[in-house]
Amino acid sequence: MKKNPYKEAPASFSICLHTDCPCASNCLRQLAYPALLEREAFLHLANPARCTKDTSCPYYRDATPVTYMRGFTQMKKRMYPDQYQKFMNILVAYFGRNPYFERRRGERKLNLQEQEIIRKALKQAGVTDNLEFDQQETGFNWYDLTYAGIGRHIINT
């Protein structure tokens, strides 16, 4: 029997009741609904009156799996000390000290936006090699919102 990938949905994930929506077959809020209904005593519901039942619905969440990365400890080993110091200072200023180290060790998944911020910080630090993250994993975008434009105020292109 094939495992239901939506059983991993967080208990607080908001669901949608509109099974007749044309986007329902690819909306994470609709696909996670049966799993959460079976597992949870209380559900978080997107207001049905505010759902538009089309591609412009503000609650639509694409069910396409996303590639997350974990950790960048191996990057440090391939940088010069001055490069690493600059790289670390850029990212500590952006994420904060403890969150930086949590991301570096791989305790937090790096979404697409954070991966791009780290790549830009590498360029700003003068790293020309194509350095890889420690691990790659695929999962659903339960909480990350759009990535466009976030972080530009700190990390310039």
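These legends accompany several close-up views of a predicted model. Residues count from 1 along each chain as its sequence is written, and side-chain values use heavy atoms, without hydrogens or water. Because the model is predicted, local features need pLDDT of at least 70 and side-chain atom pairs count only at pLDDT 80 or more, while totals for chains, interfaces and linings use all residues.

**View 1. Helix H5 (residues 97-105) and its buried side.** Helices here are DSSP runs of H or I with at least four residues, and strands are runs of E with at least two, both numbered from the N terminus. Look for Tyr100, Phe101, Arg103 and Arg104, which are buried in H5; buried means under 20% relative accessible area, exposed over 50%, and partly exposed in between (1.4 Å probe, protein chains only). These four lie on the same side of H5 because they cover an arc of only 160° around the axis, taken from the directions from the helix axis to the C-beta atoms. Their cover includes helix H3 (73-77), helix H4 (81-95), strand E4 (109-110) and helix H6 (112-124). Just after H5 comes Gly106, with a positive phi of about 90°.

**View 2. Helix H6 from start to end.** At the start of H6, a side-chain oxygen of Asn111 comes within 3.0 Å of the backbone nitrogen of Gln113. How far apart are the end C-alpha atoms of H6? They are 19 Å apart, which agrees with the 18 Å that its 13 residues should span at 1.5 Å a residue; the expected span is 1.5 Å times one less than the number of residues. Among the buried residues of H6 are Ile117, Ile118, Ala121 and Leu122, and what covers the buried residues includes strand E3 (66-70), H3, H4, H5 and E4. Gly126 follows H6 and has a positive phi, near 90°.

**View 3. The largest nonpolar core.** A nonpolar core is a set of buried Ala, Val, Leu, Ile, Met, Phe, Trp, Tyr and Cys residues joined through side-chain atoms within 4.5 Å. The largest one has 22 residues, and Phe72, Met75, Met79, Phe87, Leu91, Tyr100 and Ile118 have the most contacts inside it. H4, H5 and H6 each give two or more residues to this core, with the largest share, seven residues, coming from H4. Zoom in on Tyr100: beyond its neighbours within four places in sequence, Tyr100 is in contact (heavy atoms within 4.5 Å) with Phe72, Tyr84, Phe87, Met88, Leu91, Val92 and Phe95.

View 4. Is Arg29 buried or exposed? Arg29 counts as buried, because its relative accessibility is 11%. A polar atom of the Arg29 side chain lies 2.6 Å from the backbone oxygen of Tyr59. Leaving out residues up to four places away in sequence, Arg29 touches Phe13, Ser14, Ile15, Cys16, Tyr59 and Arg61.

View 5. With a disulfide taken as a pair of cysteine sulfur atoms within 2.5 Å, the count is zero. Cys57 is in no disulfide either, as the nearest cysteine sulfur, that of Cys51, is 4.4 Å away. Cys27 counts as buried at 8% relative accessibility, and Cys57 counts as buried at 14%.

Definitions and conventions: A polar contact is a pair of N or O atoms within 3.5 Å; within protein, one must be able to donate a hydrogen and the other to accept it, and residues adjacent in sequence count only if both atoms are side-chain atoms.
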